Every structure is written in C-alpha cells, then in structure tokens.
Amino acid sequence: MSAGGSRYRLGALAVAGPALLGLSLLVAGCGGCGSNTEYPPTLTFPPRADRLVLKLPDKPAPGPNRSGKRDDDVAELDAHGGRTADPPAVAGLDVFLKDTFGTPAAPNDLHAPFKLTKAHLAEGSKLYKRHCADCHNVTGDGRGQKSGQFVVPFPRDYRQGAFKFVTSGAGLKPRRADLLRTLNDGLKGTAMPSFALLQEGERDLMVGYVTYLAARGQVEFEALRAQTESQPNDFAARLKAVLAEWDRAEAAPPLPAAPDDGEPDTPAHQEAIRRGHRLFTAKADDACANCHGEYGRKPVFRYEVWGTTAKPANFVEPQFKGGARPEDLFARVRFGIPSAGMPAHGAPKYTDRDVWDLVRFVSAGSAPAKLPPDVRAAVYPNP
Ligand code: HEC
Ligand code: HEC
C-alpha cells in the first residue's frame, strides 16, 4: 500500500466526482431534497461554545458515556481530577477563521495539498451535509442534532484534529487512504456506517471536507487553549503547523509487509500465536492485559482526548472498528490509539516480529480451534 500511489489514483477519481454526484442524485430521484442538500449561503460556522478539555484524569474511566449527555460527561472530568474550561474570548479569532475558511456553503481555498480547493470543498460540503451532518454536525463537533446526540460511542468530534484509525504513525493524522477506508468500511460495533454504496469520488470529496473541518476546528481549539493558558497566539502560524501535520502523515512510510507464517494450523503459525499470547499477558506498563482484562471480557475503560471514554476491544468476541485484516491490526498495535488512551507499541521494545505475533494471537483469539492447546486453556479456562 503506497501512499503516493493512492494519491494519484484518487486525484483522477476526484475529477469525476461532481459528474458522478449529479448522476447519483438523478438516480435517487430525490424529491424535495434540493433545498436540503446545501447549507444556506448566510449560515456561518458557530464559534465553539462547549468546554475545552485541558487535562484528562490520570486514572481509568468509570465506564461508557451516557446517551444524550456528552457535555455533562465532559463537565464531570473536573470532579475526577481532569481540567476543563469554558472557551475564552480571543480577539480576532472569529474574523481569522471566517477569512481563512469561509462558510459551510462557501468554503475558501486553503492553498494546501489534499485538494482543499474551493471547488472540491463546495461539492464536499453538500455531500457532507447530506450524509454526515446528522451525526458529525456543521462544525464537525460530533453533536449532530438528530442521531449524533444519542449514539454511544459518540460520533467523532473532528475539532481537535485527532483521529483513531491511522496507518501513518503514533499520534499522527490519518492518511487520506485511512479516512477513505473508514468511509468505505464504516466502524464496526459503532453507529458509523459504511458508505461503500456511494461513488469513490464522492467519498473522496467528503474526506476532503472532513480534513477541512478538522483543520478549522484544530486551529480554533488550539487558539482557545493557548488563550486559557495565557500563551501567545499566532493564528496563521498555527494553521501552517496544522496543515504540515496532515502533510507529514501523507508522506509516512508504508507499513512493513506481513511475514509468511503459513496457515493457522501450521507449526510456524501456532508458534507465532504462542509468542503473541506471551507478549499479550506479559507484565509491563503497556501490556495488553492491563486494559484488555481477561482478553477483553473485563475491559478497563480509558479517557479519550475529547473527554469521552473508550472501551478496550474484546478479543473473544471481537468487533474491530478499524478493520480485522492483519495489516489493520498491525497498525493498531504498532501505533496504538493515543486519542483513546491505548499506547503505541514501538521499536525497539517491540520488533515488527513481536507486533505480528500479537496480531496472530489477537486474530485467532475468538476461534478456540485455531489456538494451540496451551493457549486455548489459558484463554478459555471454562470450555
Ligand atoms: C449515524 C451516525 C453517523 C453518521 C451518519 C456518520 N458517522 Fe462518522 N462516526 C460516527 C461515530 C459514532 C464515530 C466514532 C466511533 C468511535 O469513535 O468509536 C464516527 C467516526 C468517524 C470518523 C473518525 C475515524 C477515526 O479514525 O477516528 C470519521 C473520519 C467519520 N466518522 C467520517 C464520517 C463521514 C465523512 C460521514 C458521512 C459520509 C460520517 N462519518 C457519517 C457516526 C456517524
Ligand atoms: C492503556 C490501555 C490499553 C493498552 C495497554 C492496550 N490497549 Fe488496545 N485498546 C485500548 C482501548 C481504550 C481501545 C478501544 C479504542 C476504541 O474503540 O475507540 C483499544 C482497542 C484495541 C484494538 C481494537 C481496535 C479496533 O479497530 O477496534 C486492538 C486490536 C487492540 N486494542 C490491541 C491491543 C494490543 C494487542 C495491546 C497490547 C500490545 C493493547 N491493545 C494494549 C486500550 C489499551
């Protein structure tokens, strides 16, 4: 999987996007949705009003978030040792954001890579309003007025520029291909649906618009946080740094190829599962079992950077949000999910081979027949 290759391929498809969009609207025979597919030209992005999460509590989270109570749950962080604050007034911020980013219906050209041009963003805006805004909302705050409020886990709030399912690196932005995979496959076990039935060009336009909202939201978030902490505030420098983060992710090296361990029942593969199990249960600060207790049957919830909580995956009944292919799992383990409190498992402590071993174990965990007998006895003590 080469990042460069997919960029060119997408480039060609995006050109076809608007034409395909027109076609799919015709086919859908969208009665009366004309006014529904575009944001009103007078609408501006509302300034951020919900609390900023400045510091997370150091301890595990108490449990899942409460449906419809996102902001209440965030406000409770202070009582658990975290720190939140109302957004302060920042002179010139609204004007900077409006001049730089434009409005929901008429986004400005960001003069950046990733096709963040006026034309692409204007098309992306319509598609986003139609397919995403019910959950992710106008600003991308994940507090959509319809479904967005009530599904748990809550829809992603893009406004800190933080994501979960990346193949770029620990704590890095997603590659464009990562966001496209999320849209194509959805996130299993959550409300985030698959948009595989749309044209690839349409998904590409929406991914561009998500990048735009994430950049806008992150500039706003960081400017508000800097003001709260009495730090200097150079909005233009901030925007440049944010766009450079996206660039860096796109240029990250590809994942290493999976070793050939043969079929799951071969001795080499069984040995890899056994080594993976040993690493999984080892005594270490970043050992899997600390959070994925009893192989995930007894998860220890973690706080997320948004002030929400995440439940560590269950490997006995897995629903991997970011995909179950070996390369998906390799990226999850290697780079962690820092925004959800799962640490990276980096070199030199964990070699590529160690991470593949963990992947072999995790992939087989739900199928007792695929486990070596000693591992099976540990994972399924009461068969
Ligand atoms: C029915 C609600 C719903 C709709 C509609 C929806 N999403 Fe989501 N989306 C979610 C939820 C819930 C999550 C977060 C799941 C989690 O963090 O476990 C999410 C997460 C995401 C993420 C974050 C992935 C990551 O790596 O962190 C992206 C990007 C995303 N959605 C894009 C979109 C786009 C683009 C659309 C429209 C094409 C869309 N979503 C429509 C509910 C929705
Ligand atoms: C400090 C806690 C913590 C540790 C240690 C940890 N994880 Fe996680 N892990 C999490 C959390 C929290 C999630 C859930 C993220 C979400 O669903 O948003 C998760 C999710 C996952 C997922 C599922 C990703 C998906 O696509 O849904 C895999 C796979 C995973 N962890 C593997 C591991 C392995 C293997 C180890 C040890 C090498 C490990 N984790 C160590 C907290 C942790």
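Biologist: Why is K59 called exposed?

Modeller: The label rests on a count of neighbours: a residue is buried if 20 or more other C-beta atoms, placed from the backbone, lie within 10 Å of its own, exposed if 12 or fewer, and partly exposed in between. K59 has 12 other C-beta atoms within 10 Å, and K59 is therefore exposed. This is a predicted model, in which local features need pLDDT of at least 70 and side-chain atom pairs count only at pLDDT 80 or more, while totals for chains, interfaces and linings use all residues. Residues are numbered from 1 along each chain as its sequence is written, and chains are lettered from A and ligands numbered from 1 in the order in which they are written.

Biologist: Where is the place of K59?

Modeller: K59 is in the loop between β1 (52–55) and α2 (70–75), where helices (H or I, at least four residues) and strands (E, at least two) are DSSP runs, numbered from the N terminus. From K59 to Q227 there are 168 residues in sequence and 27 Å in space, C-alpha to C-alpha.

Biologist: What makes K98 partly exposed?

Modeller: K98, which lies in helix α3 (residues 93–101), has 13 other C-beta atoms within 10 Å, so K98 falls in the partly exposed class. Between the C-alpha atoms of K98 and D134 there are 23 Å, and these two residues are 36 apart along the chain.

Biologist: And why does V151 count as partly exposed?

Modeller: V151 has 16 C-beta neighbours inside 10 Å, so V151 counts as partly exposed. V151 is found in the loop between α5 (133–136) and α6 (176–185).

Biologist: What is noted about the phi of H111?

Modeller: Phi of H111 is near 50 degrees, which is a positive value in a residue other than glycine. Most residues other than glycine have a negative phi, and most peptide bonds are trans. H111 belongs to the loop between α3 and α4 (118–131), and H111 is exposed because 9 C-beta neighbours lie inside 10 Å. S230 also has a positive phi, of about 50 degrees, although S230 is not a glycine; S230 sits in the loop between α7 and α8, and with 8 C-beta neighbours inside 10 Å S230 counts as exposed.

Biologist: What kind of peptide bond joins V152 and P153?

Modeller: The bond between V152 and P153 is cis, with omega about 0 degrees, and P153 is in the loop between α5 and α6. A cis peptide bond, again with omega about 0 degrees, joins A347 and P348, and P348 is in the loop between α11 and α12.

Biologist: Why are α7 and α8 called oblique to each other?

Modeller: Two packed helices are described by the angle between their axes and the distance between the axes. Axes are lines fitted to C-alpha atoms, for helices over the stretch in contact, and angles run from 0 to 180 degrees between N-to-C directions. Angles under 35 degrees count as roughly parallel, over 145 as roughly antiparallel, 65 to 115 as roughly perpendicular and the rest as oblique. The axes of α7 (residues 200–228) and α8 (residues 235–250) come within 10 Å and cross at roughly 135 degrees, and the two helices are therefore oblique.

Biologist: What makes α9 and α12 roughly perpendicular?

Modeller: The axes of α9 (residues 267–281) and α12 cross at roughly 95 degrees and come within 7 Å, and α9 and α12 are therefore roughly perpendicular to each other. Two residues are in contact if their C-beta atoms, placed from the backbone, lie within 7 Å; among the residues that meet are H269, A272 and I273 in α9, and D354, W356 and D357 in α12.

Biologist: Which residues come nearest to ligand 2?

Modeller: A residue is near a molecule or strand if its C-beta atom, placed from the backbone, lies within 6 Å of it. Around ligand 2 there are 24 residues, of which C288, C291, K321, G322 and M342 come nearest. The shell around ligand 2 takes at least two residues from each of α10 (288–291), α11 (326–335) and α12 (352–364).

Biologist: How many residues surround ligand 1?

Modeller: There are 26, and the closest are C132, C135, F163, K164 and M192. α5, α6 and α7 are the elements that give two or more residues to this shell around ligand 1.
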